[in-house]
Amino acid sequence: VFLLAGPATNIGTLMVLRSALGGRSTVLYLIAICVSALGMGIALNALYAATGIDAAATMGVAGELVPRPLAIFAAVVFMALAGASFFRQARRRFGRKAVG
């Protein structure tokens, strides 16, 4: 629930929304995010209760669902994409001669 509401309520997002949509719309946006986050949390708790899953017992188990070789491959792909993006941005900002 915090991962849903956190990025949507950071101060940068709120300032952009306030300048683009106005104060009333920004307040309505915040109310909608809060209601959605609380609703999702209540729905998840109901799902756990209906299926008999103990949320505390599942801590740390999610990482074991992905096979180790797949996790390493995904990390390498992510690092390659992040590095390519970094160098592309650096070239755009500082020119081709300064980077690479």
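Reader: What is the mean pLDDT of the protein?
Author: The mean is 83, and 86% of the residues reach 70 or more. pLDDT is the predictor's confidence in each residue, from 0 to 100. This is a predicted model: local features need pLDDT of at least 70, side-chain atom pairs count only at 80 or more, and totals for chains, interfaces and linings use all residues. Residues are numbered from 1 along each chain as its sequence is written, and side-chain values use heavy atoms, without hydrogens and water.

Reader: Which elements have the lowest and highest mean pLDDT?
Author: Helix 1 (residues 2-8) is lowest at 73, and helix 4 (residues 68-94) is highest at 90. Helices are DSSP runs of H or I, at least four residues, numbered from the N terminus.

Reader: Helix 3 next. Which of its residues are buried?
Author: Thr26, Ile33, Ala37 and Gly41. Buried means under 20% relative accessible area, exposed over 50%, partly exposed in between (1.4 Å probe, protein chains only).

Reader: Why does Thr26 count as buried?
Author: Because its relative accessibility is 8%.

Reader: What does Thr26 touch?
Author: Leu14, Leu17 and Arg18, leaving aside neighbours within four places in sequence. Contact means heavy atoms within 4.5 Å. The Thr26 side chain also reaches the backbone nitrogen of Arg18 at 3.3 Å.

Reader: And Tyr48, where is that?
Author: Also in helix 3. Tyr48 is partly exposed, because its relative accessibility is 24%. Beyond four places in sequence, Tyr48 touches Ile53 and Ala55.

Reader: What follows helix 3?
Author: Gly52, with a positive phi near 80°.

Definitions and conventions: Helix = DSSP H or I, 4+ residues; strand = E, 2+ residues; numbered from the N terminus. Polar contact = N/O pair within 3.5 Å; in protein donor to acceptor, adjacent residues only side chain to side chain.
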